[in-house]
Amino acid sequence: MIRASIAMVTYNGARYIREQITSVLAGMGAEDELVISDDGSNDGTWEIMKDYEAEDPRISLLQGPGRGVKQNVAHVLSACKGNYIFLADQDDIWDQAKIEKIAGILEQKQCGLVVHDAVVVGEDGQKVLRDSFFNVKNSGPGAWKNIWRNTYMGCCMAFRKELLKDVLPIPDTIEMHDQWIGILNDLCGYGTCFIPDRLLRYRRHGRNTSSSEHYKLPRMLSNRLALLKALRLWKKSRKEN
């Protein structure tokens with residue numbers, strides 16, 4: 001039986017992928033797996049990861065669907081076999097205690113999803129820019145809070161596998177997969193825990209796919225309307241099934 005699945009998505013991440021994979025592997029147990037879906041990298045990322053896969057049987061590589069980050073996340077999640085699912089970016093640095101700490105909380109079954117804090121660092125992975133991502137985001141649980149302003153950070157999230165049946169498929173129309181996963185966990189009543197442990201160095205650089213900056217008002221409103229529509233369709237489908 002697989003305990004924890006680390007679900008990582010990659011795209012042209014050769015510059016940082018070695019440091020990230022090494023940090024993830026350092027915290028994994030023999031009963032854990034690292035599943036990586038690459039969405040068509042052409043910078044050597046795939047070849048680097050193949051070398052890791054050849055050396056460690058806990059690693060599985062997948063060819064992504066080529067439809068962007070959200071569907072690459074959905075693709076890797078559908079291949080995960082663990083009781084606990086950890087989302088992972090390609091360019092962060094994990095604390096060695098992260099998997100054990102979060103798996104222990106999920107095992108207690110007091111919450112179905114855990115979000116931990118992170119230190120925001122520069123491109124070198126060392127210089128501290130912010131000592132708490134929670135403070136930057138004013139992070140906390142609650143569906144309406146996170147519809148208004150998302151504070152679910154995928155790289156800091158892990159959840160019980162039961163949630164997969166509710167979050168898949170991930171709609172193309174929404175802006176962020178982590179927001180979708182976190183809000184559905186709230187709506188399903190599985191319980192969400194935000195913990196202050198800083199178990200990751202979140203690397204900021206010019207190629208991040210997510211941003212800490214606010215969108216302008218028209219895009220913000222468009223994103224929220226799209227999310228509310230997707231949630232309404234999800235709720236309708238859930239009732240019908």
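Visitor: Which residues are linked in a network of salt bridges?
Guide: Arg3, Glu31, Asp32 and Glu100 are linked that way. A salt bridge here is a side-chain nitrogen of Lys or Arg within 4 Å of a carboxyl oxygen of Asp or Glu.

Visitor: Before we go on, what kind of model is this, and what are the ground rules?
Guide: This is a predicted model, where local features need pLDDT of at least 70, side-chain atom pairs count only at pLDDT 80 or more, and totals for chains, interfaces and linings use all residues. Residues are numbered from 1 along each chain as its sequence is written, and side-chain values use heavy atoms, with hydrogens and water left out.

Visitor: Back to Arg3. What is the N to O distance to Glu31?
Guide: The Arg3 and Glu31 side chains meet at 3.7 Å, N to O. That pair links distant parts of the chain, 28 residues apart. Arg3 is in the segment before β1, and Glu31 is in the loop between α1 (17-27) and β2 (33-38). Helices (H or I, at least four residues) and strands (E, at least two) are DSSP runs, numbered from the N terminus.

Visitor: And the Glu100 side?
Guide: Arg3 also forms a salt bridge with Glu100, at 3.2 Å, N to O. These two are 97 residues apart, with Glu100 in helix α4.

Visitor: Is Arg3 buried or exposed?
Guide: Arg3 is buried, because its relative accessible area is 15%. Buried means under 20%, exposed over 50%, and partly exposed in between (1.4 Å probe, protein chains only). Glu31 has 34%, so Glu31 is partly exposed.

Visitor: How many salt bridges in total?
Guide: The count comes to 14 salt bridges. One of them joins Glu19 and Arg203, with the closest N and O atoms 2.9 Å apart. Glu19 sits in helix α1 and Arg203 in strand β9, 184 residues apart.

Visitor: How covered are those two?
Guide: Arg203 counts as buried, at 1% relative accessibility. Glu19 counts as partly exposed, at 35%.

Visitor: Switching to cysteines. How many disulfides?
Guide: The count comes to one disulfide. The rule asks for a pair of cysteine sulfur atoms within 2.5 Å. Cys111 and Cys193 are joined, S to S 2.4 Å.

Visitor: Where do the two ends of that pair sit?
Guide: Cys111 is in the loop between α4 (98-107) and β6 (113-121). Cys193 is in strand β9 (residues 192-203).

Visitor: Why is the disulfide left-handed?
Guide: Because the torsion about the S-S bond of Cys111 and Cys193 is about -120 degrees.

Visitor: Which end is buried, and which is partly exposed?
Guide: Cys111 is buried, at 2% relative accessibility. Cys193 is partly exposed, at 21%.

Visitor: What about Cys80 and Cys188?
Guide: Cys80 is in no disulfide. The nearest cysteine sulfur to Cys80 is that of Cys155, 16 Å away. For Cys188, the closest cysteine sulfur is in Cys111, 15 Å off, which is too far for a bond. Cys80 is buried at 12%, and Cys188 is buried at 15%.

Visitor: Now the strands. How many residues of β4 are buried?
Guide: Five of its five residues are buried; β4 covers residues 84-88. Both faces are covered. Tyr84, Phe86 and Ala88 lie on one side, with Ile85 and Leu87 on the other.

Visitor: What does β4 pair with?
Guide: Two strands pair if DSSP finds at least two bridges between them. Strand β1 (residues 4-10) runs parallel to β4, joined by five bridges. Met8 has Ala88 as its bridge partner there. Strand β8 (residues 157-160) runs antiparallel to β4, with three bridges. Ile85 stands opposite Phe159 in β8.

Visitor: Last one, the overall picture. How many helices and strands?
Guide: Nine helices and nine strands. The C-alpha atoms fill a box of roughly 45 × 40 × 35 Å, taken along the principal axes. Of the 241 residues, 53% count as buried.
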